[in-house]
Structure formats: structure tokens, C-alpha cells
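Me: I've got a structure open and want a quick tour. Can you take my questions as they come?

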Amino acid sequence: MKYVIIGGDAAGMSAAMQIKRGGDEHDEIVTLERGEYYSYGQCGLPYVLSGQVESTDDVIARPVEVFRDKYGIDARIHHEVTQLDYENKTVSGVQTDTGEPFQVKYDQLLIASGVSPVQPNWEGLDLNGIMSMKYIPDTKEIKGYIDNHQPKTVTIVGGGFIGLELAENIKEIGIDVRIIQRSNQLMNPFDEDMAELIHEEAKRKGVELVFSESVQSFKGQEHVDTVITDKNQYETDMVLINVGVKPNTDMVSDDFHLGPKGEIIVNAYMETNIDDVYAAGDCASHYHRVKQLNDFVPLGTTANKQGMIAGMNMIGHNRAFQGIVGTSILKFFDLDIGRTGLSEKEAKQLNIPYDSVKVGTNAIAGYYEKGQNVTVKIVFDKDSKRLLGGQVIGVMGVDKRIDVLATALYHNMTTEDLLNLDLAYAPPYNGVWDPIQQAARRTL
């Protein structure tokens, strides 16, 4: 059997290794990566800028040579797939380093091509000093520009996860940071009242926030020096654009079922609507257990799980993907910021009768160490009291609480179930009533 995988990162290589471990020893595995790096942690890249992570080499889990030499995988780099012929079972494209075309036949195909940063059609986008961060080469380019040009002010367009991580790490090396956000808050997945805690932290750390303004263009001679919005102009020495991502699915035909953002719709077994073609990771749909709908929430954790499951199904070991609940966490200066499930905004959009409770308290016993504040917000079904989502922001203990809430969501627990949980307690770790349970008590 010949397996071809498009993409050499989380989903693609999780699938390749699953096939290698559980398939036939005579199986052939070909992976096609358009870049030059395999299997690395993209989430660690912003921390290279501040030196928290010393080098981009440190985020590479396995170099391509390991897949080739140790595991016998035909792992190719600089191979960009541009066309699929699922009737003749071939993929074709171009070798980006030489310009030479290529074509590969397959028996089974996995599309794990990931996402790319959205690049709006703004005038002046080609000026030096305007970049986005997604891949290792992007990080090297950004770090090189900072080292060579010593910018005093960096403007970040987009206040999502990557935007905030960039803001923190650039501020840490002594550069002034401005964030321009089209909406009226940072971190749109959060409700406004919780986002306000993030705004306070940004201001406390000296980050300039610009809300409700849309970037229109950039000015400069050779290097960018001005950002122009629909309301103002801002002087800057560098611009980092992170306004979202789009699935790398341009190579698929109209015969594929696609979601609203261009993601490939898959079933629980990672199968597309085309025979012998699977998809997984950031380019695929993600079933949301709370929404009970397909969603698009590209995260490395999900990509690895979907890749593993795709690999198992490709070799006949049937395994279903159980879905996501939309869990994420972020460090932003002294705050940890976590969420899972639905926000109030999402519950309203889905016409779910909801209510919410917010509690601000100490993350541990107040007499043990004061000032370890945490704010917990839970969203729940007004009628059944079934938990719908949670948001937790604080200086410690956020990861613990958000993981408890994520587990509760997976098991369709109610707020009373939360109250009944036997959670760990000792003064250095918790109060006798966990902050989650303090919130749950107020729903009864």
C-alpha cells in the first residue's frame, strides 16, 4: 500500500508515524512538505524573539532526517502540491527550490496541509518591515529585522492569540508595542467583561491599545514608517500582521465538501467525501461537542489527535475522533488566560437559553499567600444547568481550572456536577471551595 501525506507537521507526521507503527512493513509512506522543516512546535516561535526559547531549532521535535533515516519515510521538502487527481489517484505540484514539476501516485491520501496567515490587500504591504509570524522562516526574518534595524516601536495588527504573544515577547526586549484591533476588544473569543482584564494587563505593561479601527494602508520610502487606519495615522518602525489564518486547501477541487472558511469537511474517521482521501489538522473541520456542529478551531493539540486517528483509519484500525470543546490557554505577561466551550456571544448566536456567573477570588487559600487572584466565568444552560463554557483569567491556577472545565464539558456535566467534584485542596494550591465551585454554587 502506498500512502501519500500532504504536510510534514503535526497532523501529517502523527499520521505517518501511526501508519509506520501499525501498518505493513512493506507499506510505502511519502510525505510532501512545501517548506523545509518537519514536525515543529509553531506555538513556541514568539518566545524566540525574547530569548525565552533560545533558537528556532529548539522547537523542532524531529528533523526531517530522522523520519528518513530512522523510520524509512520518504519525507520530501520543498514539494508544494497544487493539484489532486482523485480519479487517477495522483497528486502533482512543483518543487519550490528548483521549479521542477512532480507527480506522485497514491493508494490512500491524507491532506494535512495546515493553514497560512491571512494577508489583506492593503496598499504598501510590500514595504520592508511588514511581516507575519507563522513558520520558522517568518520567525528568523522578524528576529533578523529587529536585530539589524533596532525598531523603537512595533505595531501589531490583530489582537488574537499570536498578536498577544508577540506583544509580550517584543515588549520584553524593550521595544514599544502598539496593537491595532478592528473590534472593540482583544481576544474576540472571550466575552467583553473578561477581555477587560486583558486590557488592564496590557495597559499596566505599557502596551498601547487601539480599538475599533481598521487598517487601510501603509506608508514609507523603502521601510514602513506609518500605519494608516480608517480614523488615524500612527508612526511605526515595524509592523506585524496577524489577523487570522486560512486553510491551505487551494489544491482541492470543487468536488470536495468545504466549510465556510475553506476547511475540508471530514467525518469522525477523518474521511472526506472523496474515496481514499482523508484530511486532518488545521485544514480540516473539527466537530465541536458543545455546539454539536462542525467548527474550525485550528490548534496543535487537535491536529496531532486528528492525524493519529487518520493514520489508524488509513490502515484499517477504525477509530473515531470524539470532537473538541474549544479549549485554549495563553500567557500574557503576568496573566494566564484560558477558555473552553461557549462564550455568552456564541451561546446567543446558537439560540441557546443561557445564563452566566462570574467570580473573582483567590486561587489558593487567602491566608497562605494573598494577591493570587483568579476570575472564573461559567456559562450554562438556563433550564438544564448544563455547563456550556468557561473562561478563567488570573495570575496562577488558570490551567488547572480550565482543564477541569474542559473535562466537565466533554462529559456534559451540570453546574451541580461541578459542585460535587472532589477536587484537590491544600492551602498552597486551593481554597476549601475551588473557584470553579464557588461559581457553580451561585447557579443553584
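Me: What share of the protein chain is buried?
Reply: This is a predicted model. In it, buried residues account for 53% of the 444 residues in the protein chain.

Me: And how much accessible surface does the protein chain have?
Reply: About 20,100 Å². Carbon and sulfur atoms hold 44% of that accessible surface.

Me: How many helices and strands in the protein chain?
Reply: There are 11 helices and 25 strands. The radius of gyration is 23 Å, close to the 22 Å from the globule rule for 444 residues, so the chain is as compact as a globular protein of that length.

Me: What box do the C-alpha atoms fill?
Reply: Roughly 65 × 55 × 40 Å, along the principal axes.

Me: Now contacts. Of those between residues at least 6 apart in sequence, what share joins residues at least 24 apart?
Reply: 61% of them.

Me: Which elements give two or more residues to its lining?
Reply: Helix 6 (192-204), strand 24 (373-381) and strand 25 (387-394). Helix 6 provides the largest share, 4 residues.

Me: Which residues line the second largest pocket?
Reply: Among them are Leu197, Glu200, Glu201 and Arg204. Asp334, Asn373, Thr375 and Ile393 also line the pocket.

Me: How does that lining divide by residue type?
Reply: Into 5 nonpolar, 3 polar and 4 charged residues.

Me: New topic: glutamate 235. Buried or exposed?
Reply: Glutamate 235 is exposed, because its relative accessible area is 68%, and the cut-off for exposed is over 50%. Glutamate 235 sits in strand 15, residues 233-235.

Me: What is glutamate 235 in contact with, leaving aside neighbours within four places in sequence?
Reply: Thr153, Arg178 and Asp225.

Me: How far is glutamate 235 from valine 245, C-alpha to C-alpha?
Reply: 26 Å, with the two residues 10 apart along the chain.

Me: Backbone next. What is the phi of methionine 187?
Reply: Positive, about 50°, although methionine 187 is not a glycine. Methionine 187 lies in the loop between strand 11 (176-181) and helix 6.

Me: Is methionine 187 buried or exposed?
Reply: Buried, with a relative accessible area of 0%.

Me: What about the phi of serine 212?
Reply: Serine 212 also has a positive phi, about 60°, and is not a glycine. Its place is the loop between strand 12 (208-211) and strand 13 (215-219).

Me: What is the relative accessible area of serine 212?
Reply: It is 32%, so serine 212 counts as partly exposed.

Key. Residues numbered from 1 in each chain as written. Predicted model: local features only at pLDDT ≥ 70, side-chain atom pairs only at ≥ 80, totals over all residues. Heavy atoms only, no water. 1 Å grid on protein atoms, 1.4 Å probe; cavity = no way out; pocket = protein on both sides within 12 Å on 5 of 7 lines; lining within 4 Å. Nonpolar A, V, L, I, M, F, W, Y, C, P; charged D, E, K, R; others polar. Rg over C-alpha atoms; globule rule 2.2 N^0.38 Å. Buried < 20%, exposed > 50% of the residue type's maximum accessible area, 1.4 Å probe, protein only. Contact = heavy atoms within 4.5 Å. Areas by Shrake-Rupley, 256 points an atom, 1.4 Å probe, with all protein chains shown as cover.
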